[in-house]
Amino acid sequence: MNFPFHDKTLEGQHILITGATGGIGYAAAKAAVAAGARVTITGRNEEKLSELKQECGGGDVFAVRADLSKPQARDQLVEAAANEFGPITGLLNSAGIGGGDIVENLSEEDLRGIMELNYFSLVELTQLVYKGMKDKEKGSIVNIASLSGLRGTHGNSAYSASKFAVVGFTQAFALEAIEHGVRVNAVCPGYVDTEMGRNAIKSKGERNGRSYEEQLKLAKESIPSGRLTSPEEVANTIVYLLSDAAENIVGESVKISGGSVMR
């Protein structure tokens, strides 16, 4: 896929990307650097962070291993990022996990774990970053939600609830933040060709007694475009939302579904 942006689209920006070792965060980091930003990447897998930094060329990328469920780790991440590249002007909240089961089989551990990372940690990190953006009266925040944050699906209640929470937070916070020049939006992809996306398809197949290949075929048939979304396509949408080209896009939940929301 050709990169559709100029190498100065995000020039002068410092973007913090969580979940950078996952498929969407990984692609978004590469896209942001290609668009001229300095990027702080974070995740739990140090080896993947190092690999990503090398793929991005190294110089404009600062890698910090962090467990965002821990308050001290969030504080240290934001402080280290600002010390390295200056004030954070853009935030991509991409860290998240899937999983769960039908409601009668949900464990408290699974439910709390999904909500903790997908929602609570996202909000609490955003609070820290927003302070600096508010002072400068400029910034853009993009939250990775999901089509599952707009409509429920069978056997997906825990994940879906966490993403509904992200969409609700995005909309409500956007009204506060825009008063101080900070834009907040969400991206809501359907099936993305990442490890998490493939695992979701595999799990759905197992619940229905189908192989991964059979369930993948059904998934593609349910999408008018006939294919999964690539991580790069999501990354391009993120770069657009982080850029000044999207300066009047506020509180939106941008769907990337290949048309499946119309079925």
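Reader: Before we start, what are the ground rules for residues and features?

Author: Residues are numbered from 1 along each chain as its sequence is written, and side-chain values use heavy atoms, with hydrogens and water left out. This is a predicted model, where local features need pLDDT of at least 70, side-chain atom pairs count only at pLDDT 80 or more, and totals for chains, interfaces and linings use all residues.

Reader: Why is Thr-18 called buried?

Author: Buried means under 20% relative accessible area, exposed over 50%, and partly exposed in between (1.4 Å probe, protein chains only). Thr-18 comes out at 1%, so it counts as buried. You'll find Thr-18 in the loop between strand 1 and helix 1; helices (H or I, at least four residues) and strands (E, at least two) are DSSP runs, numbered from the N terminus.

Reader: What does Thr-18 touch?

Author: Contact means heavy atoms within 4.5 Å. Not counting residues up to four places away in sequence, Thr-18 touches Thr-42, Leu-68, Leu-92, Asn-93, Ser-94, Ala-95 and Leu-125.

Reader: Which residues line the largest cavity, and what makes a space a cavity rather than a pocket?

Author: On a 1 Å grid over the protein atoms alone, a cavity is a set of points where a 1.4 Å probe fits but cannot get out, while a pocket is an open set with protein on both sides within 12 Å along at least five of seven lines; lining residues have an atom within 4 Å of a point. The search of the whole structure finds 1 cavity of 30 Å³ or more, and about 40 Å³ of space lies in the largest cavity. A volume here is the space filled by probe spheres set on the points, with grid points joined across faces, edges and corners. Thr-18 is one of the lining residues, along with Leu-68, Asn-93, Ala-95, Leu-117, Ser-121 and Leu-122. Helix 4 gives the largest share of that lining, 3 residues.

Reader: Why is the pair of Phe-62 and Phe-85 called edge-to-face?

Author: Rings of Phe, Tyr and Trp (its six-membered ring) pair if their centres lie within 6.5 Å; planes under 30 degrees apart count as stacked, over 60 as edge-to-face and the rest as tilted. The ring centres of Phe-62 and Phe-85 are 6.5 Å apart with planes at 80 degrees, so edge-to-face it is. Phe-62 sits in strand 3 (residues 61-65) and Phe-85 in helix 3, so the pair ties together parts 23 residues apart in sequence. Both Phe-62 and Phe-85 are buried.

Reader: What makes Phe-169 and Phe-173 a stacked pair, then?

Author: Their planes are at 15 degrees and their centres 5.3 Å apart, so that pair is stacked. Both lie in helix 5 (residues 157-177), 4 residues apart, about one turn of the helix. Phe-169 has 15% relative accessibility and counts as buried, and Phe-173 is buried at 8%.

Reader: Is Glu-137 buried or exposed?

Author: Glu-137 has 55% relative accessibility, so it counts as exposed. Glu-137 lies in the loop between helix 4 and strand 5, and its phi is near 55 degrees, a positive value in a residue other than glycine. Most residues other than glycine have a negative phi.
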